[in-house]
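Please look through the model below before reading my notes.

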Amino acid sequence: MSQPFKQIGFIGLGVMGEPMCRNLAVKSGIRVVALDIDPSPLQRIAVHGVRTGGSVRAVVEGSDVVFLSLPSGEVVSEVAHAADGLLASIKEGQVVVDLSTSPVDLTRELAQEFAGRGTVFIDAPVARTRAAAEAGTLSVMVGGDRSLFDRLRPLIATFATEITHCGPVGCGQVVKILNNMVLFQIGVAIAEAKVIGERSGVDPALLFDTLAKGSADSFALRNHGMKAMLPGEFPPRAFSVQYARKDLKYALRLAQQARVDAQGARNVDTLFGTAIDAGFGEQYWPVISRLIGA
C-alpha cells in the first residue's frame with residue numbers, strides 16, 4: 001500500500017481493537033506501535049510486527065496517525081487529558097482518529113482542544129461484530145474534513161469494507177449512535193416475536209427463517225436473533241449489555257439535545273437496566289430476550 005505515513009499508533013486492544021490493529025499492521029505495510037493496559041493482546045499481535053509502546057507518549061511519538069479504540073467517551077477523555085496523555089504529547093500536524101463510540105458533544109469539544117494544539121481529532125466509530133473486525137469487514141462512519149478522510153481511507157480500509165463520510169467532526173458519532181439505537185429497538189422486537197411465537201405454538205427457528213424471507217428481514221434478525229437468541233448463546237466477551245446501555249445513553253443524551261422524546265429508546269434502556277440488575281450485564285446484549293415474558 002502506497003501511503004505518506006511512516007508510523008501509526010494504536011491505543012486500545014480490546015474485543016474490537018485487537019483485530020483492527022492486527023489488520024492495519026498486516027495489510028498496510030506501515031510500522032504500528034500499540035498500547036493497552038492488558039499485555040495479552042500486545043503479545044498476540046507482536047507476531048504480526050506490532051511494536052509495544054510503554055505509554056501514550058511513546059505511542060504518539062513518531063506516529064503520523066494515532067487510532068483510539070477505547071471502551072467509552074469517558075475513557076477517551078481520560079486518555080486525552082492525562083498528565084502524559086494525548087494532548088500533552090501530541091505535536092503539530094499529527095492526527096488522532098477515535099474509533100470508539102463517544103458522545104457527540106465530547107467529540108466536538110476534543111476536536112477544538114486538539115485544534116488548539118495544531119493537530120486534528122476526528123471521529124470514526126465502527127459498527128458490526130467482532131467477527132467482522134476479525135475479517136476486516138466493519139462499517140466505519142467518519143466525521144471530519146473531507147480531504148483528510150480521503151487520505152485516511154486506505155488505512156481504514158484495512159479493517160472495514162463500508163466507509164462513510166458523514167460530515168464534519170461529530171457526525172460519525174451521530175450516525176453510529178443512532179445505528180445502535182435502532183438496532184437495540186429491533187432486537188427487542190425480535191425477542192418479543194420469539195416469545196409470542198413460541199407461546200402460540202410456532203417453532204422459533206421456523207419463525208425467524210420465515211421472517212427473514214419477508215419484510216421483517218434484518219441484520220439484527222440474522223445475527224442477534226438467529227445466532228444468539230435461538231441457540232441461547234450470549235458470550236461475555238461480545239458486545240455486553242453494559243456496553244450497549246452506554247451507547248444507548250449517548251443516544252438518549254443526543255435525543256434530549258435535539259428535543260426529541262425517544263420513547264422507544266427509553267423503553268430499551270429500562271430493559272437494559274433490568275438485565276443488569278438480573279446479573280446479565282457482562283453477557284452479550286441479546287440476552288435481554290431472556291427477560292421478555294419472564
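**Notes on the model**

1. Start with Arg259. Arg259 is exposed, with a relative accessible area of 76%. Here exposed means over 50% relative accessible area, buried means under 20%, and partly exposed lies in between (1.4 Å probe, protein chains only). Arg259 sits in the loop between H12 and helix H13 (263-277). Its phi is positive, about 60 degrees, although Arg259 is not a glycine.

2. A word on the source. This is a predicted model, in which local features need pLDDT of at least 70 and side-chain atom pairs count only at pLDDT 80 or more, while totals for chains, interfaces and linings use all residues. Residues are numbered from 1 along each chain as its sequence is written, and side-chain values use heavy atoms, with hydrogens and water left out.

3. Arg128 also deserves a look. Arg128 has a positive phi of about 95 degrees and is not a glycine. Most residues other than glycine have a negative phi. Arg128 lies in the loop between strand E7 (126-127) and helix H7 (130-135). It is partly exposed, at 39% relative accessible area.

4. Now the whole chain. The protein chain has 13 helices and nine strands. These are DSSP runs, numbered from the N terminus: helices (H or I) have at least four residues, strands (E) at least two. The radius of gyration is 20 Å, close to the 19 Å that the globule rule gives for 294 residues, so the chain is as compact as a globular protein of that length. That radius is taken over C-alpha atoms, and the rule is 2.2 Å times the number of residues to the power 0.38. The C-alpha atoms fill a box of roughly 65 × 45 × 35 Å along the principal axes.

5. What share of the 294 residues is buried? Buried residues make up 53% of them. Among contacts with a separation of 6 or more, 68% come from residues 24 or more positions apart. Contact means heavy atoms within 4.5 Å.

6. Lys194 is found in helix H9 (residues 171-199). At 14% relative accessibility, Lys194 counts as buried. Leaving out residues up to four places away in sequence, Lys194 touches Pro204, Leu207, Phe208, Met229 and Leu230.

7. Next, the rings. There are seven aromatic pairs. Rings of Phe, Tyr and Trp (its six-membered ring) pair if their centres lie within 6.5 Å; planes under 30 degrees apart count as stacked, over 60 as edge-to-face and the rest as tilted. Phe184 and Phe239 form a tilted pair, 6.2 Å centre to centre, with 35 degrees between the planes. Phe184 lies in helix H9 and Phe239 in the loop between helix H11 (219-229) and helix H12 (241-257), so the pair ties together parts that are 55 residues apart in sequence. Phe184 is buried at 0% relative accessible area, whereas Phe239 is partly exposed at 28%. Ring pairs link Phe184, Phe239, Phe272 and Trp285 into a cluster.

8. Last, Thr119. Where is Thr119 found? Thr119 is in the loop between helix H6 (104-115) and strand E6 (120-123). With 4% relative accessibility, Thr119 counts as buried. Not counting residues up to four places away in sequence, Thr119 touches residues including Ile90, Lys91 and Phe114. The C-alpha atoms of Thr119 and Tyr250 are separated by 26 Å, and these residues are 131 apart along the chain.
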